Amino acid sequence: MSSQLVSKVDVDLPDAPSITAQRPYLRWVGMAVGLLVVLALPFFIYPPVAMDIAAWALFAISVDLLLGYTGLLSFGHAAFWGTSAYTTGLIAIHAGLPFPVAVLGGAVCAMILAVPTGYLAVRRTGIYFAMVTLAFAQMVYFIANQWRSVTGGENGLQGVPKNLGPLTDLINQDPFYFYYAALPLILIGVVIAWRTVNSPFGRVLVAIRDNPARARALGYDVERYKIMVFVISAGLAGLAGGVFSASHGFASLQELIWTTSGKVVLITVLGGIGTLWGGPVGAALVVLLEDRLASSGFNGIGIITGAIFVIIVLAFRHGIWGTARNGIGSWLRSRRRAREDA
Amino acid sequence: MPTEASPKASGSAGRAASALLETRDLTKEFRGFRAVSDVSLRVVEGTVHALVGPNGAGKTTLFNLLTGFLTPTSGEVLLAGRDVTGMQPEQIAHLGIARSFQITSLFDQMSVVDHVELALASPTGLGYRFWRSSSAMKQFRPRAMELLDEVGLTDRSGAAAGSLAYGQKRALELALALALDPKLLLLDEPTAGMGLEDVDRTIALVKKVAAGRTVVFVDHNMHVVGSLADTVTVLQSGQVLAEGTYEEVRNDDKVITAYLGQAGDQHV
């Protein structure tokens with residue numbers, strides 16, 4: 001019991017008031033710009049890579065929902081991304097359903113898996129929470145590795161089809177069109193995340209993050225809220241993982257391995273936690289960097305991304321987006337002050 | 001003998017008066033150390049009950065036992081005759097016990113009015129609605145502003161709680177406790193660290209909110225205890241040392257010895 005009084009991940013949060021609080025219209029401008037960038041992305045970036053960025057962005061947002069908004073560090077989110085990747089593949093292969101249906105099926109499976117995981121994990125906090133999630137993820141990895149008849153074991157699940165009724169030929173010919181066919185699934189996930197953090201539920205989450213004991217004294221069932229947000233987060237990770245496997249046409253053990261859980265936490269922290277924008281920024285950086293390094297034939301990708309991670313965490317406490325936001329905010333404030341003085 | 005008979009004090013005198021809160025042989029051990037030892041307490045409905053005692057007497061531990069933040073090693077906690085021992089803090093909050101914390105415990109980045117709205121929303125279940133806009137919380141704004149007015153924080157309603165002055169934070173704590181409309185209000189050192197002026201204002205405030213409620217509070221300031229309490233329980237080393245009206249315990253030999261040590265004997 002007493003452990004609940006000293007319980008939270010020590011997350012670094014932006015301390016300046018957000019820019020959008022001062023200028024509400026900036027929120028809508030930001031969303032419009034974000035949507036334009038997302039729509040224009042495959043014109044500038046090789047479409048499968050653009051798809052990867054979108055999937056990892058939603059994956060990172062799902063982690064941020066826990067880390068940035070609830071103060072929970074999940075170190076096993078690959079379980080939900082990977083479970084959905086495999087389930088999406090299995091539904092698409094064996095039932096031949098359109099890929100969005102398969103992806104939604106995968107996301108539902110990820111949420112079902114999240115119920116027992118969350119139920120056990122939220123009883124612990126801090127590093128112990130992370131360890132319980134990691135343990136579950138390792139279990140899922142082990143099952144996927146051993147259950148060869150269903151998952152293909154080390155070979156993974158090959159030949160995941162992209163069906164979409166009359167559009168099937170179009171999206172299979174050119175990944176450019178597949179990007180636009182799959183993007184709505186990612187955007188639905190982003191809207192769910194946005195709605196969640198800007199709801200009464202989101203208010204309670206932030207209260208739990210900042211002071212769980214106080215939230216309980218106000219009558220909020222902290223563990224129940226944590227389970228709920230954990231399941232929502234798993235659903236978003238599942239949406240992202242399903243799109244990822246449909247896009248690549250296979251699901252492999254890579255989707256379930258613990259380094260994938262680590263990578264998504266890294267992306268989230270790089271981008272900046274507690275902002276929702278941070279995940280997409282971090283995902284774009286890491287996916288593009290890995291793509292450039294891989295195509296140049298460089299083998300030590302981890303060294304480069306690791307070094308960048310260390311530098312950004314040391315130099316920008318709030319991640320890329322958090323730092324940029326605070327910077328723009330203080331610039332706007334100083335400009336207003338200058339105007340008022342004049 | 002109590003010189004001035006307050007209407008509430010007469011209630012506490014009669015054993016027949018109903019106890020809103022009762023503990024029976026409540027004990028809490030931490031690795032063999034008995035922080036609270038066989039405490040049997042009766043808090044009569046409608047009274048203001050003070051818990052006093054030197055540091056380490058077990059007052060805050062007792063509060064944590066009453067509000068479910070700690071589970072007792074043995075003994076029972078009864079609220080209006082109902083056994084609430086071992087219940088979770090959020091369940092106890094829903095039964096009508098609200099508490100303030102000794103060390104100010106707020107959500108630093110949340111605005112003052114958002115705090116009160118959050119407390120008001122708690123019993124409604126609105127917090128689970130992740131599909132609704134957070135503007136739904138605004139339905140509680142009129143009541144929140146009333147409560148802030150009651151504790152004198154109206155002009156700070158938009159400020160982040162972290163930016164409040166110390167006395168204002170304590171006032172917000174009180175507003176949060178009141179927002180839960182509790183039957184029983186537990187205040188852990190409501191005047192700790194306050195200047196004289198704030199202390200008097202807090203006394204007036206507690207008096208105001210105590211009307212129609214039962215209040216249990218811990219405080220070191222004897223002026224506060226004397227002005228507010230109908231009944232005073234003195235704790236020492238986790239045990240009840242004395243109980244009675246303020247006048248009674250103040251003249252109790254055991255209490256004088258506990259507070260002043262041997263010095264009390266030498267000077268008498």
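Student: In which order do the 6 strands of the open sheet of chain B with mixed pairing stand?
Tutor: The model is predicted, and local features need pLDDT of at least 70, side-chain atom pairs count only at pLDDT 80 or more, and totals for chains, interfaces and linings use all residues. Residues are numbered from 1 along each chain as its sequence is written, while chains are lettered from A and ligands numbered from 1 in the order in which they are written. Strands (E, at least two residues) and helices (H or I, at least four) are DSSP runs numbered from the N terminus, and two strands pair if DSSP finds at least two bridges between them. In chain B, 6 strands form this open sheet with mixed pairing, in the order 6-7-8-3-9-10.

Student: Which strands are the edge strands of this sheet of chain B?
Tutor: An edge strand pairs on one side only. In this sheet of chain B that description applies to strand 6 (97–100) and strand 10 (239–244).

Student: Which residue is the bridge partner of A98(B) in strand 7 of chain B?
Tutor: Strand 6 of chain B and strand 7 (residues 184–188) of chain B pair in the parallel sense, over 4 bridges. In strand 7 of chain B, the partner of A98(B) is L185(B).

Student: At about what angle does helix 2 of chain B run to strand 7 of chain B?
Tutor: Axes are lines fitted to C-alpha atoms, for helices over the stretch in contact, and angles run from 0 to 180 degrees between N-to-C directions; contact between two residues means that their C-beta atoms, placed from the backbone, lie within 7 Å. Helix 2 (residues 59–66) of chain B lies across several strands, including strand 3 (48–52), strand 8 (214–218) and strand 9 (231–236). To strand 7 of chain B, helix 2 runs at about 150°.

Student: Which strands stand at the edges of the open sheet of 4 strands in chain B, and why is one side of each left without a neighbour?
Tutor: This sheet of chain B has the order 2-1-4-5, with antiparallel pairing. Each edge strand has a single partner strand, so one side is left without a neighbour in the sheet, and the strands concerned are strand 2 (33–44) and strand 5 of chain B.

Student: Which residue takes a positive phi in the hairpin of strand 4 and strand 5 of chain B?
Tutor: Strand 4 and strand 5 (residues 82–83) of chain B pair antiparallel over 2 bridges, and L78(B) stands opposite D83(B). The hairpin has 2 residues between the strands, and the residue with a positive phi near 50° is A80(B).

Student: What distance separates the centres of domain 1 and domain 2 of chain B?
Tutor: Chain B is divided into domain 1 (13–96 + 183–268) and domain 2 (110–181), with bounds that come from an automatic or database domain assignment. Taken over C-alpha atoms, the separation of their centres is 27 Å.

Student: Which helix of chain B gives the most to the side of domain 1 that touches domain 2?
Tutor: In this contact, 10 residues of domain 1 of chain B meet 9 residues of domain 2 of chain B. Helix 3 (89–94) and helix 7 (196–210) of chain B each supply at least two residues of the domain 1 side. With 4 residues, the one that gives the most is helix 7 of chain B.

Student: Which helix provides the largest share of the side of chain B that touches chain A?
Tutor: The contact takes 33 residues from chain B and 25 residues from chain A. Two elements give two or more residues to the chain B side, namely helix 3 and helix 4 (112–121) of chain B. The largest share, 4 residues, comes from helix 3 of chain B.

Student: Are helix 9 and helix 12 of chain A roughly parallel or antiparallel to each other?
Tutor: The axes of helix 9 (residues 175–197) and helix 12 (residues 222–248) of chain A come within 10 Å and cross at roughly 170°. Angles under 35 degrees count as roughly parallel, over 145 as roughly antiparallel, 65 to 115 as roughly perpendicular and the rest as oblique. Helix 9 and helix 12 of chain A are therefore roughly antiparallel.
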